[in-house]
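Welcome! Take a look at the sequence and the structure before reading on.

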Amino acid sequence: MHSHGTAVIVGASLSGLMTALTLSRIGMRVTLLERSDDTGRTGAALHAPDGLIERITGLPSAQIPQPIAPGIQTWFAVHGALRAAIEADPAIELRQNTAVRSVQQDGSQAWAVTSSGERVSGDLLVGADGHRSVVRRRVAPDKPDATFAGYVIWIGIADESSIGSTRWPRDVAFLGDFDNTLLGYPLPGIDGSSAVGSRRLGWAWYDASRNDLLRSSGAVEGNVVRHSLMPAGIPNTTYRELARQARNLFPTPWSDAILDSIERRAVIGTPIAEYVPDQLVRGRMALVGDAAHVPTPMTGSGFSESLQDAEALAAAVAVQPARSGIETALHDYEGARLRSARSLVQSGQGFSRSFAARAA
Ligand SMILES: Cc1cc2nc3c(=O)[nH]c(=O)nc-3n(C[C@H](O)[C@H](O)[C@H](O)COP(=O)(O)OP(=O)(O)OC[C@H]3O[C@@H](n4cnc5c(N)ncnc54)[C@H](O)[C@@H]3O)c2cc1C
């Protein structure tokens, strides 16, 4: 059944999982290398298209291990449904706690070297390793890093049942003043319920006034984003200031959702990076998702663009001869995706520049 060769994918978050499924569908045997073990994962909310898992795997609904409802979903719900599909696919091997240190290629293979020194080879190597991609350093050595966009997004999720408001939102809300933009979005409850009062409220607060904290904590170094601020790494003084600002700036129930998240210390600060790609492939290596293009979340399109990468890559590989046709396939993949990837990131840069400039 698996006659289309082998692929190694670095990174098993949403892009890596989707690409594994689309490549398996065309007959590739896939090894996914993921440095994390799924604990401490973070994520905001995404728009899941109708029949997402069916679309990627080609399976009928009855055979989908964990279906996902269309609409705005938490990162965790989408990740969980993709993981279940991966586990049900015998052509995909997922190796967690496996960090990739470097990648290489020659005329017939590409390979990843893990931090334990193991070499994992394939006919094709895909970088799905996010905004600080190791694979990008090899694909685009002249432009290896995404650059800090000049602001952080604080994100959290609160249960409506813990907030006890009498006014519930029906839809996504954009709120705030000149310097603070808040995106609020109702999400299904943990049990999938969309009944008002039993849902969750997700929020993303754009803040360009705390770049000193990002730098002093090492989250941003120079022009490069190193890591997010996890709940325990956010100083208590910052939590207190955020709580005071939230009360003043945002109406109920969004301010209540923020205060509830702060009280539980369930807030993550993600410094935003951006990357406009000049290339997506080199030889037998290709980039997908945030490794390929990093837009501001304000575009709301990072996930759908990653889905298109996964589909376009498999479509390009499928029509070429197995193994010998990989480089031609990747050239075609880049032709299909580069323009769209560039314009996605550029579409958000106007917002980023003016938002960051307000705090300067
Ligand atoms: C705050 C925030 C809000 C967002 N909101 C939206 C939204 O509303 N709508 C939308 O469409 N998109 C949104 N996005 C973007 C969206 O989440 C991503 O575009 C999408 O999830 C694809 O991510 P990815 O899988 O390419 O990368 P990541 O999620 O960054 O995954 C990269 C994976 O690679 C692994 N990895 C990294 N380096 C290595 C290594 N050396 N070895 C092994 N593994 C490695 C990491 O552990 C991780 O699992 C948002 C992003 C952020 C940060």
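In what order do the three strands of the open antiparallel sheet come? The order is β6-β7-β8.

## About the model

This is a predicted model, in which local features need pLDDT of at least 70 and side-chain atom pairs count only at pLDDT 80 or more, while totals for chains, interfaces and linings use all residues. Residues are numbered from 1 along each chain as its sequence is written, and side-chain values use heavy atoms, with hydrogens and water left out.

## The three-stranded sheet

At the edges of this sheet are β6 (100-105) and β8 (119-122), each pairing on one side only. Here, two strands pair if DSSP finds at least two bridges between them; strands (E, at least two residues) and helices (H or I, at least four) are DSSP runs numbered from the N terminus. From one strand to the next, the twist averages 20°.

Between β6 and strand β7 (residues 110-114), which run antiparallel, there are five bridges. Q105 has A110 in β7 as its bridge partner.

## The six-stranded sheet

Another open sheet has six strands with mixed pairing, in the order β5-β2-β1-β9-β18-β17. Its edge strands, β5 (92-95) and β17 (281-282), each pair on one side only.

Follow β1 (residues 6-10) next: four bridges join it to β9 (residues 124-127), and the two run parallel. Opposite I9 stands V126 in β9.

## A helix across the strands

Helix α1 (residues 14-25) lies across β1, β2 (29-33), β5 and β9. Its direction is at about 170° to β2, with axes fitted to C-alpha atoms, for helices over the stretch in contact (heavy atoms within 4.5 Å), and angles running from 0 to 180 degrees between N-to-C directions.
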